[in-house]
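Take a look at the model first, then read on.

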Amino acid sequence: MTDARQLYQEVILDHNKKPRNYGVLADANRSAEGHNPLCGDHISLSLRVEHDAIRDIAFQGETCAICKASASMMTVAVKGKNVGDAGSLIQEFRDMATGKLDTQTQAHHLGRLNVFAGVRELPTRVKCAVLPWHTLNAAFHNQPSATTESGEF
Amino acid sequence: MTSPAAKKSAPPVSALEPERLRPDFPILQSRVHGKPLVYLDNAASSQMPRAVIERWVRYQEREHANVHRAVHALSETATREYEAARHTAMRFINAREAREIIFTRGTTEGINLVMHGFGRAFINQGDEIILSAMEHHSNIVPWQMLCEERGARLRVIPMNDAGELLLDEYEKLFNPRTKLVALVHVSNALGTVNPVRGMIRAAHQHGVPVLLDGAQATPHMRVDVQDLDCDFYAFSGHKMCGPTGIGVLYGKAGLLEKMQPYQGGGDMILSVTFEKTTYNALPYKFEAGTPPIAAAITLGAAMDYLTAVGMERIAQHEQALLSYATGQLREIKGVKLIGAARDKAAVLSFTLEGIHPHDAGTLLDLEGVAIRAGHHCAQPVMQRFGVPATARASFAFYNTFAEVDALIAGIHKVQKVFA
Ligand SMILES: Cc1ncc(COP(=O)(O)O)c(C=O)c1O
């Protein structure tokens with residue numbers, strides 16, 4: 001059974017209230033839009049990638065707390081990383097959110113992102129948590145947009 | 001109907017004792033996340049009483065065969081029961097004749113049927129279709145598709161901040177190119193009950209037929225299509241204690257006769273050669289293929305159930321729930337109600353300051369309270385009110401005042417988490 005505090009942990013509430021890297025990069029060279037057609041939520045992501053490294057990243061969008069905190073924490077986690085490492089993190093995050101990766105027993109590199117493990121009990125909210133990651137993946141692959149309804153999670 | 005604003009948390013009084021009806025609904029006895037289920041998502045889909053469930057089972061166990069096809073006894077029974085359901089539907093909305101009742105998959109298919117059958121036959125380049133600003137996507141998208149195909153255009157009746165249509169503006173939209181008014185009877189996103197009778201009269205003065213989307217009306221009030229004088233009326237079974245996969249399109253016989261069939265196939269023909277097909281009479285012309293027989297018969301049972309409870313009593317009880325809940329919600333700081341029409345169904349769309357409706361929905365769900373969070377398939381309504389989404393509690397006659405209290409307590413908990 002999921003309880004409210006387990007899902008909406010302090011870290012999540014904090015990032016929701018004070019999102020990090022919020023806005024649009026003026027000198028972005030990669031960007032993508034993410035849509036969740038189920039709720040109409042939408043985020044935009046802009047990045048500056050140089051020599052395969054994420055120099056800067058920002059996001060914007062009026063979304064639920066789960067999605068906003070996930071986006072905020074994602075930007076913190078991937079800033080400065082190279083694209084390949086960020087790609088593995090995308091995969092690990094998706095696997096955690098969908099229950100394929102058990103962060104209690106299996107090795108991972110998610111660190112504090114592990115607070116989102118609670119969403120796996122709530123299938124409709126998995127999409128909220130994963131949307132920013134899906135969008136980041138689209139930006140890496142030069143796709144203009146991503147939705148929660150396409151691609152495997 | 002009185003304005004809910006006038007009565008502030010009036011002590012609950014009800015014409016109907018929902019506690020006595022609730023044992024009829026097996027699902028209402030269930031628990032969710034360890035809490036008793038408080039089901040307040042009736043505008044999305046309603047629950048089914050045992051008598052209706054049993055009707056489905058009885059059909060499958062003892063009456064099933066294909067309809068209108070064979071001479072054997074089972075087929076005759078199935079045909080008789082299927083046609084009896086059509087008569088029940090006819091009486092339920094007071095249609096003149098059973099052939100004016102077409103079984104569909106639901107409201108969406110009913111509207112699409114009118115788009116194909118009426119729209120394709122009568123709407124051409126430069127013609128106009130009037131819709132309202134509070135339509136469900138199912139009463140927007142088919143018309144957009146037709147407009148694109150035909151070079152016709154949509155005209156939209158605006159609404160005020162309370163979520164009421166501006167009738168003066170409506171009247172101004174008519175011109176000789178107006179071919180159809182497609183209008184929601186009761187808004188699923190705002191609860192607004194539109195003054196459709198007068199609006200239909202106005203359209204008829206211009207010689208324009210009117211299609212009503214009755215998805216949110218038939219579960220909650222007595223609907224009389226002859227009194228309204230609408231030309232088409234579409235609704236869904238699953239929102240009125242019936243099963244999914246079934247709905248009704250009512251159409252005036254004179255209009256239906258002039259229309260093209262929606263789909264081609266078996267049952268909708270009188271004779272077929274490779275040169276020519278002669279279409280069957282109404283309503284079969286519009287019911288190609290084997291229909292959802294079990295669902296239609298079960299919908300008939302749902303209508304009988306609602307009629308036995310009494311549509312007037314249902315409407316009264318839901319109004320009492322609405323004014324009680326409205327009063328309670330108004331007292332919570334940070335709650336903003338979206339939709340304050342004078343004539344309103346028991347739908348409460350709201351936002352919570354600083355809290356996304358999705359989060360509110362999840363936290364309420366953890367308390368056992370099922371509401372809907374999102375755009376309610378009415379994104380233009382969300383845009384009109386400048387919100388991406390709302391939380392929506394929508395009531396049925398089996399909801400109780402105690403469930404309103406559970407909703408209110410749940411909202412306080414949500415606010416506490418986000419405090
Ligand atoms: C006002 C309104 N119109 C149309 C529909 C579509 O009904 P259905 O999905 O049963 O076809 C709905 C229900 O979602 C509705 O609330």
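Which residue of chain A forms a salt bridge with Asp359(B)? Arg125(A) does, with the closest N and O atoms 3.0 Å apart. A salt bridge here is a side-chain nitrogen of Lys or Arg within 4 Å of a carboxyl oxygen of Asp or Glu. The count between chain B and chain A is one.

This is a predicted model, in which local features need pLDDT of at least 70, side-chain atom pairs count only at pLDDT 80 or more, and totals for chains, interfaces and linings use all residues. Residues are numbered from 1 along each chain as its sequence is written, chains are lettered from A in the order in which they are written, and side-chain values use heavy atoms, without hydrogens or water.

**The interface**

The size of an interface is often given as the accessible area lost when the parts come together. Chain B and chain A bury about 1500 Å², 61% of it on carbon and sulfur atoms. That area is taken with a 1.4 Å probe and summed over both parts. The contact (heavy atoms within 4.5 Å) takes 16 residues from chain B and 22 residues from chain A. Six residue pairs are in polar contact across the interface, both residues at pLDDT 80 or more. A polar contact is a pair of N or O atoms within 3.5 Å; within protein, one must be able to donate a hydrogen and the other to accept it, and residues adjacent in sequence count only if both atoms are side-chain atoms.

On the side of chain B that touches chain A, helix 12 (357-366) and helix 14 (401-417) each supply at least two residues. Helices are DSSP runs of H or I with at least four residues, and strands are runs of E with at least two, numbered from the N terminus. The largest share, five residues, comes from helix 12 of chain B.

**Ser46(B)**

Ser46(B) sits in the loop between strand 3 (38-39) and helix 2 (50-63) of chain B. Its relative accessible area is 11%, so Ser46(B) is buried (under 20%, 1.4 Å probe, protein chains only; exposed is over 50%, partly exposed in between).

Beyond four places in sequence, the contacts of Ser46(B) include His238(B), Cys241(B) and Tyr398(B).

How values were computed. Buried area = accessible area lost by both parts, 1.4 Å probe.
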